[in-house]
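Subject: A structure for you to explore

Hello,

Here is the structure I promised to pass on to you. Please open it next to this email and follow along as you read.

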Amino acid sequence: MEIDEAVRGCSDRRMRTKYGNAVYVVQRAFALYPFEEIAFSFNGGKDSTVLLHLIRAGYYLYKKDSGDVAQMDAIKNCPLRTIYFESPCAFPEINSFTYETVSTYGLPLETIHSDFKSGLEGLLKEKPTKAIFIGTRIGDPNAVGQEQFSPSSPGWPPFMRVNPILDWSYRDVWSFLLTCKVKYCSLYDQGYTSIGSIHDTVPNALLSDSSTEKSFRPAYMLTDGRLERAGRTKKTNHKIEMNSVASNGMNNIEGEQMISRAASIIVVGDEILFGTTEDKLGAALCKKLHAIGWRVSHVAVVRNEIDSVAEEVERCKSMDDMVFIFGGLGPLHSDVSVAGVAKAFGVRLAPDEEFEDYLSQLMGNNYTGDRNEMALLPEGITELLHHKKLLVPLIKCRNVITLAATNVHELDTEWGCLLDNQESGLVQAKPFVSKHLGTTLSDVQIAPVLAKLCLEFSDVYIGCHRISRAGPLVVNLTGKVDDEFSVQYI
Ligand SMILES: Cc1cc2nc3c(=O)[nH]c(=O)nc-3n(C[C@H](O)[C@H](O)[C@H](O)COP(=O)(O)O)c2cc1C
Ligand SMILES: Nc1ncnc2c1ncn2[C@@H]1O[C@H](COP(=O)(O)OP(=O)(O)OP(=O)(O)O)[C@@H](O)[C@H]1O
Ligand SMILES: [Mg+2]
């Protein structure tokens, strides 16, 4: 079978792994459901073209494994029921490719001329349909929360959505199509990277060829797969939307400075709780936040357990403007921080191609790329914070920033990068002003004075601490200065 041979014979280990997992899903679907009750949702797009060839390969392997050896030569194609929702707004190139392809591969086509939901209702009434193969991939707007086998949503007719390429990246799709040398719709060679209707799809501007006017490079040349939908004009790109919300960096409008900001810090480390290591980073970060006028509401040390991290993140993320996490980041069994953040936001971990590129550059041959657990980041909520001084960008999930620093020196660098980066959301707030007073008055003498001051100046922080029981008491007064240089307290 030519697809199976092409992939198994290629040198791209990651491709072979992705292919192996996807054809396994296809084979299980054939084992689970009667062949005539399975359909393939095909629309001539690149993802469904990949899926078509995976289904052909999976069907061949399924038949081979079931001992249908006598017929093996005959199984060049997979005569699976194929459904196409044809719309008058489809590109003519998509329509012609779809029709040509089903004819080339002997697919019995059922064309549906209504919207997805009512079309599927009609289909299920007409013919029992238990499962439908779909080319959904992580990163598609409708992929969030789906697995390789996901029942249709409430309100939709009942069937199993089978998504064999759910974990494939944009680059995986193109590696496969090019490795197998299969035909794909001609629009992809004209700069289209994801195809909707003629009204909402244009070539991806990131592929525009500056040397020749109005010409675009082919879709496989797009390097950042997250921007594959940049040519879908009417729909907003989730990532871009998030960036614009978060684009309130240090040099932002003065109005931002009036707002009081609070952060919490979560330190992940069994070794700190065992008492074998001392946390220095929490204290250093408190100082840095204080220096830019942020209040630290809370520093917590938690165990290297997904649930401990998740519970703490869940508490802090809704309480404070920003949450910082240290520790538990990397490939070790105890590195659970990112998984804890994902759990706190109720999303799963999904492969991030860009992050993976950084890791493979950093680790060279030690990073194999087919086991990419370290490049799994919380789906749909992750932004990468880049800086030329960082070898690997920092991970920001909504208002939670995961720091990679393991000592104070590394923290200094990362902090500088965060302050430089507009997307970090670290706005400069009004600075604090602090005064420290020492007194040898006894606690009993000073207590009523401080109580009165607390009542009178409720927006000034008044704290006390001692170096020793017998020594002097240090009183700390902290507030913020307003524009007229009088004290406007927090
Ligand atoms: C065969 C098939 C099954 C679908 N099942 C569901 C479903 O169960 N729930 C749902 O919300 N959308 C379902 N959809 C709609 C898709 O989520 C999505 O809206 C559609 O693929 C359009 O994607 P696009 O906006 O990227 O073009 C289904 C679509 C197809 C083709
Ligand atoms: N009009 C349609 N008819 C049949 N199936 C469809 C249709 N639109 C979407 N699908 C199914 O949903 C999947 C995801 O659609 P999507 O548009 O993201 O991918 P694609 O069309 O294959 O590739 P591209 O992202 O380049 O447009 C398709 O692979 C296909 O299985
Ligand atoms: Mg499409």
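Below I go through what was found in it, one topic after another.

**Before you start**

This is a predicted model, in which local features need pLDDT of at least 70, side-chain atom pairs count only at pLDDT 80 or more, and totals for chains, interfaces and linings use all residues. Residues are numbered from 1 along each chain as its sequence is written, while chains are lettered from A and ligands numbered from 1 in the order in which they are written.

**The chain as a whole**

The chain has 15 helices and 18 strands. Both are DSSP runs numbered from the N terminus: helices are H or I with at least four residues, and strands are E with at least two. Of the 490 residues, 33% are buried. A residue is called buried if 20 or more other C-beta atoms lie within 10 Å of its own, exposed if 12 or fewer, and partly exposed in between, with C-beta atoms placed from the backbone. Among contacts with a separation of 6 or more, 71% join residues 24 or more positions apart. Two residues are in contact if their C-beta atoms, placed from the backbone, lie within 7 Å.

Look for an open sheet of 6 strands in the order 8-7-9-14-13-12, with mixed pairing. Strands pair if DSSP finds at least two bridges between them. Strand 8 (294–302) and strand 12 (382–385) are the edge strands, each pairing on one side only. On average, neighbouring strands here are turned by 20 degrees against each other, direction ignored. For such angles, axes are lines fitted to C-alpha atoms (for helices over the stretch in contact), and angles run from 0 to 180 degrees between N-to-C directions.

On the strand 14 side, phenylalanine 324 is partnered by isoleucine 401.

Why is strand 9 largely enclosed by the rest of the structure? Because 5 of its 5 residues are buried. Met322, Phe324 and Phe326 point one way, Val323 and Ile325 point the other way, and all are buried. In a regular strand the side chains alternate between the two faces of the sheet.

Strand 5 and strand 6 (residues 160–162) run antiparallel, joined by 3 bridges, with proline 151 opposite methionine 160.

**Nonpolar cores**

The largest nonpolar core has 54 residues, and Val26, Leu51, Leu54, Ile55, Phe133 and Ile165 have the most contacts inside it. Such a core is a set of buried Ala, Val, Leu, Ile, Met, Phe, Trp, Tyr and Cys residues joined through C-beta atoms within 7 Å. Helix 3 (residues 46–65) gives the largest share of this core, 9 residues. Apart from it lies another core of 42 residues, including Cys397, Val400, Leu403 and Leu426.

**Around the ligands**

Which residues surround ligand 1? Among them are Ser41, Phe116, Asp140, Trp156 and Arg161. A residue counts as near a molecule if its C-beta atom, placed from the backbone, lies within 6 Å of it. This shell divides into 4 nonpolar, 5 polar and 2 charged residues. Ala, Val, Leu, Ile, Met, Phe, Trp, Tyr, Cys and Pro count as nonpolar, Asp, Glu, Lys and Arg as charged, and the others, Gly among them, as polar.

Ligand 2 is surrounded by 16 residues, the closest being Asn43, Gly45, Asp47, Ser48 and Gly135. Helix 3 and strand 2 (81–85) each supply at least two residues of that shell.

Enjoy looking around!
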